[in-house]
Amino acid sequence: MKVAWAGSREAFQVSDRMAKLVANDPVFEKFSKPMLGRKELFKNTLRKAAYAWKLINDLRLTEEEAKWLRHYIDEPNYTDLHWEMFVPAIEGQGTKEQKKKWLPLAQTMQIIGTYAQTELGHGSNVQGLETTATFDRQTDEFVMHSPTLTSSKWWPGGMAKVATHAIVYARLIIDGLFHGVHGFIVQLRSLEDHSPLPGLTLGDIGMKFGHGTYNTMDNGVLRFDHVRIPRNQMLMRVSQVTKEGKYAQSDVPRQLLYGTMVSVRQTIVADASKALSRAVCIATRYSVVRRQFGSRNGGPETQVIDYKTQQSRLFPLLASAYAFRFVGEWLKSLYIDVKQRLEANDFSTLPETHACTAGLKALTTAATADGIEECRKLCGGHGYLISSGLPELFAFYVPACSYEGENVVMMLQVARFLVKTVSNLGYKQPVGTAAYLGRVTPLLQNNCAVQTAEDWLNPDAILEAFEARAARMVIGCGERLAMFENPEEGFAELSIDLVEASLAHCQLITVSVFIQKLNHEIPGNGVKRSLEVLCYVYALFLLHKHQGDFLATGYLTPKQASLANEQLRTLYSKVRPNAIAFVDSFNHMDHYLCSVLGRYDGNVYPKLYEAAWKDPLNDSDIVDGIQQYVQPILKQKLHYAKL
Ligand SMILES: CCCCCCCCCCCCCCCCCCCCCCCCC/C=C/C(=O)SCCNC(=O)CCNC(=O)[C@H](O)C(C)(C)COP(=O)(O)OP(=O)(O)OC[C@H]1O[C@@H](n2cnc3c(N)ncnc32)[C@H](O)[C@@H]1OP(=O)(O)O
Ligand SMILES: Cc1cc2nc3c(=O)[nH]c(=O)nc-3n(C[C@H](O)[C@H](O)[C@H](O)COP(=O)(O)OP(=O)(O)OC[C@H]3O[C@@H](n4cnc5c(N)ncnc54)[C@H](O)[C@@H]3O)c2cc1C
């Protein structure tokens, strides 16, 4: 199962080696992070990043190993933006000459970059950005300027204190004419003494949700006061500006300007299963240790994992972790394919890839954020302790629902893709993840054939149910949209239904990828049979949760919906004996989990007790403030009530 989770034996070995490297190195200790003040926390992260970079070079780690190392160090930091956004932006949007100049500097970290797109006034609406880049023909330069307060760049990670360079997205203006938003490479700080360059105002945007997690990152604010950069620092693969000030667009589509976001959204989907599996591992192990009620004749109480209600909240999350792992793997291969095509100027699969990355990013991050919180509740009161590992994990994870495309905004992008696909049905056969929309007639006409609870244990029945639900919702939206004279007005009016249809489409993708995975790639029959159980749990849990859709579209009868739920209950009993094996297969070490409740050895209570005594308040019996503020109250004999 560990191999199935990792993807291959080699992948397992690499990640396992890196997990141990990090866990055994005291520099990467992280239990005390929540106790540190902001400055100490930040400095500590800088120290870890420098040490990690040295390790990567000294040990000559491969790119894959370096990524796992970063993963297990488990600390958001400036190198994330550098490697995941700055470098890919140059790779995807730079010309050959620009790549030749900038990539070697970035890849050796002689410069450190960030991705400065979002502004105080605009994040989702990229076309609404206000920062300007005005071409000056006399000097062959662009003048970067922040004309309003709301045009201040706001959020870029690593920008406040570390980055020396940024890809800045700004409106291009030539001779007073606006040519849309483009990316520019801008130096922010001196490479000698790290001070901000003249004309720039740079700072940190302030503390974020949680304590020891995202505050390790210096998210920044940046303002330009007529800062000049050479013309050749505009990323010019998509459009070019000549020294005469002529604007030209190559045959590369404009959408490529958004290419870096496609790349990171893919990474975010691949990472969702890491965060969800971590929370599920903690909640599952603790649910086996924790006992409440049900003691007979002085015997032990019931393990809380044996309560059906606990199972019905926990096991769908366990199954979702596996589903997200597999869909992340699948999306990665789709992305690798599109990347190769883009390099060869083949843009045919970009719209579908954009829809998949946007939609799956929204689906997996929303479910993971909610899932982590559910795991906290599954651990009862102890889940609220920092030492459970869950509050910090939640605080670290929730911004994923907003960054890299706010989730609802992303689902609306999927809706645009689906509406376009449906409106082209007469003359263009849909392919890939939308291929089912090419079979609308049977999907609209045939209804579910399930007659018994066992009939639901059939991948074809499951797949058809999800296809029919998505097709009916998408086609329904298409028909209602056609009634509007103005399609944009119709889209806005129907946007709630469109988001629901997009979710149905994305759930269909995750379910069908899980089924495909079982059909082709699982080593060993025992592993395959166990994963089949999880696959059914995932699909039937979604069916139960969204049964309103399945019923409203007329594909299922209430009886068939209740048979699905009956089967789901039976499946929980099949998951139970393997629950611990399923979570052990994630191969999360105690260091990575950073949780007293999720310990591998199950030694929860003594360690929980021990952890409490490490709190700084327990350094002494009488702490600072007691003499000054509590003792006087005790001694004054004042009273509030008018007696
Ligand atoms: C201490 C430890 C140290 C360890 C040290 C180790 C050292 C070294 C280690 C080495 C290895 C390191 C590895 C690091 C691993 C890190 C792992 C971390 C990963 C996660 C990183 C997360 C970081 C998060 C940071 C966050 C960043 C950001 O948020 S950046 C900003 C993101 N912003 C957005 O997403 C904005 C959202 N808005 C939009 O995308 C768009 O504006 C819009 C799509 C919503 C609307 O666009 P527009 O106005 O143009 O409107 P249209 O709807 O009309 O669209 C036009 C057409 O374009 C199509 N389209 C839109 N988007 C895309 C697209 N992206 N791609 C392709 N096409 C697109 C759209 O469909 C329309 O098409 P049609 O015209 O309809 O055909
Ligand atoms: C931790 C973190 C790190 C970040 N790092 C970076 C970074 O490195 N670089 C960078 O450039 N940016 C970064 N960002 C910014 C991030 O990309 C934006 O916050 C994100 O894209 C969301 O945009 P917004 O804040 O404008 O949200 P808004 O769009 O203002 O969202 C507010 C609400 O409006 C709704 N809404 C918006 N538009 C529509 C619409 N068309 N239809 C219906 N509803 C709509 C949304 O659903 C949401 O409910 C980061 C953000 C965070 C939280």
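This is a predicted model: local features need pLDDT of at least 70, side-chain atom pairs count only at pLDDT 80 or more; totals for chains, interfaces and linings use all residues.
Colleague: How many residues surround ligand 2, and which are the closest?

Modeller: There are 21. The closest are Gln 117, Thr 118, Gly 123, Ser 124 and Trp 155.

Colleague: How does that shell split into nonpolar, polar and charged?

Modeller: 11 nonpolar, 8 polar and 2 charged.

Colleague: And where does ligand 2 lie relative to domain 1 and domain 2?

Modeller: Between them, because domain 1 (87-252) and domain 2 (259-584) both give residues to its shell.

Colleague: On to ligand 1. How many residues surround it, and which are the closest?

Modeller: 41 residues surround ligand 1. Val 126, Gln 255, Tyr 258, His 354 and Gly 405 are the closest.

Colleague: Which elements give two or more residues to that shell?

Modeller: α3 (38-58), α4 (63-73), α5, α7 (259-289), α9 (350-378) and α11. α3 gives the most, with 6 residues.

Colleague: What about residue classes around ligand 1?

Modeller: 18 nonpolar, 15 polar and 8 charged. Domain 1 and domain 2 each supply at least three residues of the ligand 1 shell.

Colleague: Let's talk domains. How far apart are the C-alpha centres of domain 1 and domain 2?

Modeller: 36 Å. As for touching, 12 residues of domain 1 are in contact with 11 residues of domain 2.

Colleague: Which helix gives the largest share of the domain 1 side?

Modeller: Helix α5 (residues 78-93), with 4 residues. By class, the domain 1 side has 6 nonpolar residues, 6 polar and no charged.

Colleague: New topic: α13 and α15. At what angle do they pack?

Modeller: About 160 degrees, with the axes of α13 (residues 459-481) and α15 (residues 495-520) 9 Å apart. That angle makes α13 roughly antiparallel to α15.

Colleague: Is the crossing left-handed or right-handed?

Modeller: Left-handed.

Colleague: Which residues make the contact?

Modeller: On α13, they include Ile 462, Leu 463, Phe 466, Met 473 and Val 474. On α15, Leu 498, Ala 501, Leu 508, Val 511 and Ile 515 are among them.

Colleague: And how many are nonpolar, polar or charged there?

Modeller: The α13 contact with α15 has 14 nonpolar, 3 polar and 4 charged residues. Among the charged ones are Glu 467 and Arg 469 of α13, plus Asp 497 and Glu 500 of α15.

How values were computed:
Residues are numbered from 1 along each chain as its sequence is written. Chains are lettered from A and ligands numbered from 1 in the order in which they are written. A residue is near a molecule or strand if its C-beta atom, placed from the backbone, lies within 6 Å of it. Domain bounds come from an automatic or database domain assignment. Axes are lines fitted to C-alpha atoms, for helices over the stretch in contact, and angles run from 0 to 180 degrees between N-to-C directions. Angles under 35 degrees count as roughly parallel, over 145 as roughly antiparallel, 65 to 115 as roughly perpendicular and the rest as oblique. A crossing is left-handed if the near helix is turned anticlockwise from the far one by less than a right angle, and right-handed if clockwise. Two residues are in contact if their C-beta atoms, placed from the backbone, lie within 7 Å.
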